[in-house]
Amino acid sequence: MNYLLHLLIYLDIYLIVTMSLNLLMGYGGLLQVAHAAYYGIGAYVAALAMLKFGWGFFPAVGLAVVVAGILSLAVSLPAWRFRGDYFVMVSLAVQSVGYSLLYNWVDLTNGPFGLTGIPRPSIFGYEFDTIGAVTLFASVTAGMCILCTVLLLKSPWGRLLKAMRDDELAARSLGKNTRMAKLQAFMLACALVAVAGSLYATYVSYIDPTSFTLDESILMLSMVIVGGTGNIRGPLVGALILITLPELLRFVQIPDAVAANVRLMIYGLLLVLMAHFRPQGVSGTYRLQ
Amino acid sequence: MQILFNGLIQGLLLALVGLGFALVYNGTGIFHIAQGVIYAGAPFILLMCVQAGVGWSVGVVLSLLFAVVLSCLYEVANHGPLQKREASKEIHLIASLGVYISLVQVIAIIWGNETRALRNGVDETINLAGVILTHSQLLGGAASAALLAAFLIWLKRTDIGLQFRALSDNPTQLSLMGYNIRRLRVVVFALSGLLTAAAALLMAVDIGFDPHSGLQMVLLAMVATIIGGRGSFLGPIVGAIMLGILRSQVVWYASARWEEAMTFLLLVMFLFLRPQGLFGQAGRVEAQL
């Protein structure tokens, strides 16, 4: 039972991640590979605020959201100028620099040793210390994040994003401020993924930089690509598939030594198959162009 | 001086990989991440051959052959069919990433995740006017300089070299002239594989190898290509040498942990200040999508 709850928490975290990434990929049309860096920034800022300042969970998450939102300028300002391959490279650079900072800024982040003893979230004195309570908490948070995103995407702002993705020049010629829209989309996506990061930090109560590498970004990207982009259910399906698939593999008799390798191999194969036979993902509507 | 030479040799080896990347990138526009598999796989083939007792020369030939065949397979089985369906660059990138992820795991499953070495014990050194170089460094530097020179002459002097340059300039025009660009693309991939494998073997003799070193190399090659200027074949070579020297200086003056961050900062600087690179032709970045 605890195992299922644990999976559910991971699913909740990755639901937030894929929703936010979909905002950029499916609605912004930008292949962002720096998402794990923002996930890590969220996790680290929240954890440090709780550990060093003794803040509660909510102010800490608030701070993480603000910091990630501001740092999102590092990818959103280049996105004004670059699209396609060039944007991929810029976000790769951001990912790499972000990871180096987490790894090398030892005074603040404790470097490769990571941060331990991150407290569980508490609200009005009630601490979510059992796994059931954490599951409930994570699910409610994920639900709220998804609801906010859905409402935003249904609004005129969501339509502006779609218009920008399909033809930026046309949107601009109709008097829409596409640069502002990009800025806001990145800010929102990075803030959301910071929420996911702080959830992760409080749940596992230990974080180190290796959880926020390029590989993690690629995993997030695969979820969105496999699930599909451009609508609400695509990323949800993607997170569900890529979270449950490796767990199903546990029931097949694979030696432990190669289990991680086999899992990654399947991710890779899924990406190739998707690219060839279903570029819009399992249940997406938008083909990456 | 010592550091400069270390950097120069590292840069020359990197230039081979960079040229392998640039060949495919200039010729086909594909972001060739799967190149990393060739880089990671070739030394393992050589190791297998040496352990089987067939001798070094046969081993080297077999591993280069493996690289060429694998590289052609990429085009024939992966990118060719995608190109026929006029897939976007993002789809090519995703497919290439997927191939990389799954094949690297195959290598890791067959040969294990550990770092291996091709030679035993400490390498002999040689003192050249105050600069101490190991034999494998000397071999790497000399062999890669020779290969690079041979490639550049071949590109300038032969008919197929001219076709390569035409392909990277305007593939549609070339095919209108009656050249078979599908076959030419396979040749491009084959040559890219050959150069990459040569670099991988030389590097493996010097510093050892493991299955996961490929992606990092490809990223460096990509940075070298961009700062050298896309569309140019001399560019990536100069870019890679610059990068090698910069990286060894960073290791000496700061720390090895800042290598990646500095590399990508250089990339970002180039993207903003000189997006066409050192030898590229100026043009609107958005127009080159």
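Two residues are taken to be in contact if their C-beta atoms, placed from the backbone, lie within 7 Å. In this predicted model, among the contacts in chain A between residues at least 6 apart in sequence, 76% join residues at least 24 apart.

The secondary structure of chain A comprises 13 helices and 4 strands. Its radius of gyration is 19 Å, close to the 19 Å that the globule rule gives for 289 residues, so chain A is as compact as a globular protein of that length. The C-alpha trace of chain A spans about 55 × 45 × 35 Å along its principal axes, and 51% of the 289 residues of the chain count as buried.

Turning to the interface, 33 residues of chain A are in contact with 36 residues of chain B. On the side of chain A that touches chain B, the elements giving two or more residues are α5 (84-104), α11 (214-227) and α13 (256-277), and of these α5(A) gives the most, with 13 residues. By residue class, this side of chain A divides into 22 nonpolar, 8 polar and 3 charged residues.

The axes of α13(A) and of helix α4 (residues 89-111) of chain B come within 7 Å and cross at roughly 155°; because angles over 145 degrees count as roughly antiparallel, α13(A) is roughly antiparallel to α4(B). The crossing in which α13(A) passes α4(B) is left-handed, and the residues of the contact between α13(A) and α4(B) divide into 18 nonpolar and 6 polar, with no charged residues.

Key. Residues are numbered from 1 along each chain as its sequence is written. Chains are lettered from A and ligands numbered from 1 in the order in which they are written. This is a predicted model: local features need pLDDT of at least 70, side-chain atom pairs count only at pLDDT 80 or more; totals for chains, interfaces and linings use all residues. Ala, Val, Leu, Ile, Met, Phe, Trp, Tyr, Cys and Pro count as nonpolar, Asp, Glu, Lys and Arg as charged, and the others, Gly among them, as polar. Axes are lines fitted to C-alpha atoms, for helices over the stretch in contact, and angles run from 0 to 180 degrees between N-to-C directions. Angles under 35 degrees count as roughly parallel, over 145 as roughly antiparallel, 65 to 115 as roughly perpendicular and the rest as oblique. A crossing is left-handed if the near helix is turned anticlockwise from the far one by less than a right angle, and right-handed if clockwise. The radius of gyration is taken over C-alpha atoms; the globule rule is 2.2 Å times the number of residues to the power 0.38. A residue is buried if 20 or more other C-beta atoms lie within 10 Å of its own, exposed if 12 or fewer, and partly exposed in between; C-beta atoms are placed from the backbone.
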